[in-house]
Amino acid sequence: MSLNNSELSRIYQNDGFVCPVPAIGKDLASQALEKIEAVEAAHGGKWPSEYALKPHLVYPFLDEIVKHPTILDAVEKILGPDIICWQCRFFIKNPGDGGFVSWHQDISYWGVDISENILTAWLAFTPATKVNGVMKVIPGTHKLKLLPHREGAGSALTVRGQEVDVDVDESQAVYMELQSGEMSLHHVKLFHGSDPNESDQRRVGLAIRYMPTRAKPLDGLPKDSVTLVRGVDNFNYFHHEFPPKRDMDPASVEQHKRITDTYKIINDMAASRLHETISSQ
Ligand SMILES: O=C(O)CCC(=O)C(=O)O
């Protein structure tokens with residue numbers, strides 16, 4: 001689907017998501033998948049858990065992907081010209097592993113102003129289909145407030161096993177099917193989740209979180225870090241990250257550890273303040 005600026009932004013504002021959107025293309029996606037699988041092979045067949053968050057800080061091929069011009073051109077239509085990549089993380093489901101993601105809104109524990117227009121580009125390295133556990137969304141729910149979430153009730157694939165604490169009408173679900181090299185874009189408050197992989201093929205995707213540089217962290221949290229991917233940052237609410245020179249170079253590994261350790265503290269503090277954040281809307 002090739003959409004002009006106003007269509008893409010209109011659909012996103014109306015529905016809270018756009019899908020499918022051309023991104024890095026099939027060839028680059030399959031080259032990247034080979035690299036992902038080489039890292040997995042070197043770590044006992046699984047993406048290493050210590051690099052689950054922000055792997056673009058230690059692997060140059062992922063740094064290139066989060067800065068890919070086709071991705072950023074689409075993101076810019078929604079967020080404007082000054083864009084930061086706040087985080088990225090893999091969501092990988094192997095056949096029969098039972099992995100699923102319960103219905104949730106993303107922003108609950110991110111430690112950032114919840115009224116801001118923030119989105120995820122979910123980039124497919126394999127086809128993502130209804131059978132292999134593609135992401136599903138409830139259109140229009142991005143217009144709701146942030147709602148209470150239960151922790152630990154949901155999937156092991158999310159950071160806190162969070163699940164939105166309301167009944168979700170599954171009959172309204174839309175499945176965001178993708179070819180490899182395509183992406184979906186979804187708003188940070190949109191209800192979304194995914195079912196287990198019932199196929200014999202892997203489903204491999206990278207969720208890249210983009211924000212406008214004006215997105216303000218909640219008061220009183222340690223200063224978080226971001227990668228400036230387009231435009232200028234006139235706000236400096238976040239520390240700026242440097243890109244890796246080569247796979248796992250020591251300075252990048254040190255930076256990654258410092259930043260993800262700080263983020264764990266931010267995530268815990270944001271979780272403990274969730275009620276306060278919800279009632280402030
Ligand atoms: O990959 C999935 O199934 C879910 C992804 C997700 O929850 C997210 O991007 O926030």
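This is a predicted model: local features need pLDDT of at least 70, side-chain atom pairs count only at pLDDT 80 or more; totals for chains, interfaces and linings use all residues.
I numbered residues from 1 along each chain as its sequence is written.

**Ligand shell.** I listed Phe91, Val101, Asp106, Thr120, Trp122, Met135, His192, Ser194, Gly205 and Ala207 around the ligand. Two or more residues of this shell come from each of β4 (119–124), β10 (192–194) and β11 (203–212). I read strands as DSSP runs of E with at least two residues, and helices as runs of H or I with at least four, numbered from the N terminus. By class, I found five nonpolar, four polar and one charged residues in the shell. Here Ala, Val, Leu, Ile, Met, Phe, Trp, Tyr, Cys and Pro count as nonpolar, Asp, Glu, Lys and Arg as charged, and the others, Gly among them, as polar.

**Whole chain.** I noted six helices and 13 strands in the protein chain. The C-alpha trace spans about 45 × 45 × 40 Å along its principal axes. I looked up how much is buried (20 or more other C-beta atoms within 10 Å of a residue's own; exposed is 12 or fewer, partly exposed in between; C-beta atoms are placed from the backbone). Buried residues are 43% of the 281.

I checked two residues against a rule: most residues other than glycine have a negative phi. Lys54 is not a glycine, yet its phi is positive, about 55°. Lys54 sits in the loop between α2 (25–42) and α3 (60–66). I count Lys54 as buried because 24 other C-beta atoms lie within 10 Å. Met248, also not a glycine, has a positive phi of about 55°. I found Met248 in the loop between β13 (239–240) and α5 (250–272). Met248 has 12 C-beta neighbours inside 10 Å, so I count Met248 as exposed.

Most peptide bonds are trans. I found a cis peptide bond joining Cys19 and Pro20, with omega about -5°. Pro20 lies in strand β1 (residues 17–22).

**Gln172.** I placed Gln172 in the loop between β7 (163–164) and β8 (174–175). Gln172 is partly exposed because 13 other C-beta atoms lie within 10 Å. I also looked up Leu144, 28 residues from Gln172 along the chain; their C-alpha atoms are separated by 15 Å.

Methods. A residue is near a molecule or strand if its C-beta atom, placed from the backbone, lies within 6 Å of it.
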